[in-house]
Amino acid sequence: MRVALVIGSHRKDSQSAKVGRFLQEQIQALGDHECWTCDLGKDPLPLWDEEIGSGAPHWHALDAINKNLGHTDALIVVAPEWHGMVPAALKNFFLVCGAGGTLAHKPALAVGVSAGPGGSYPINELRTSSYKNNRLCYLPEHLIVRNCMVVMNESETENDTQEHSYVSERSAYCVRQLLAYGVALAQVRASGAADLDTYPNGM
Ligand SMILES: Cc1cc2nc3c(=O)[nH]c(=O)nc-3n(C[C@H](O)[C@H](O)[C@H](O)COP(=O)(O)O)c2cc1C
């Protein structure tokens, strides 16, 4: 299965990217799965403007991103909590990506990240407002990585044993579900029940 990880932080070396790497390892431990990461901190996208789709040079990178998303069977969307919100780069991602149905009827695991006890607001925001036109399907299960500095680190000495153990077992549970939904929703896409030509936008 091909899994895309979208890292929503603006930071070049973010905790969200660290969480993404940890989840990628868990996915790859479960089988011969291919992962592709779109890190919006390392490779920022331009903010939506009216030249999108016109072939303007600043939009060239979007073609490769949409191609990768098109080949994807399942997604993980990692959203750090910034002022109780999803960072603007991630909102912009949903404005500029997903045209032509590249995300449509694909399962997505929403992951909230917080350095403290937060992380739930981004989940709420993703579930409320990031799927209408692209038809991404968030799993009922989501993951919140709280106290992110002390979990999912490569070096065990940086981890709080109890917190790391809890969240890594929980994330493995989420990842197994994502892969199962990846198999299931491929059938929905193949069924022909979705008609994006007649209904390109959700209601
Ligand atoms: C601009 C900004 C706003 C933030 N606001 C919140 C917040 O509202 N709630 C919270 O739990 N953490 C907040 N944080 C801290 C993040 O939880 C922390 O940076 C964490 O490492 C995840 O972000 P990252 O993936 O960008 O590293 C904020 C961080 C930044 C840079």
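**The ligand shell and the fold around it**

Author: The shell around the ligand is made up of five nonpolar, nine polar and two charged residues, where Ala, Val, Leu, Ile, Met, Phe, Trp, Tyr, Cys and Pro count as nonpolar, Asp, Glu, Lys and Arg as charged, and the others, Gly among them, as polar. This is a predicted model, in which local features need pLDDT of at least 70 and side-chain atom pairs count only at pLDDT 80 or more, while totals for chains, interfaces and linings use all residues. Residues are numbered from 1 along each chain as its sequence is written.

The ligand is surrounded by 16 residues, the closest being Ser9, Ser16, Pro80, Ser114 and Gly118, and a residue is near if its C-beta atom, placed from the backbone, lies within 6 Å.

The protein as a whole has five helices and six strands (DSSP runs of H or I with at least four residues, and of E with at least two, numbered from the N terminus), arranged along the sequence as β-α-β-α-β-α-β-α-β-β-α.

Helix 4, residues 120–129, has Pro122, Ile123 and Leu126 buried, that is, with 20 or more other C-beta atoms within 10 Å of their own, whereas 12 or fewer count as exposed. Those three lie on the same side of helix 4, because they cover an arc of only 105° around the axis, taken from the directions from the helix axis to the C-beta atoms. Thr128 and Ser129, on the other side of helix 4, are exposed.
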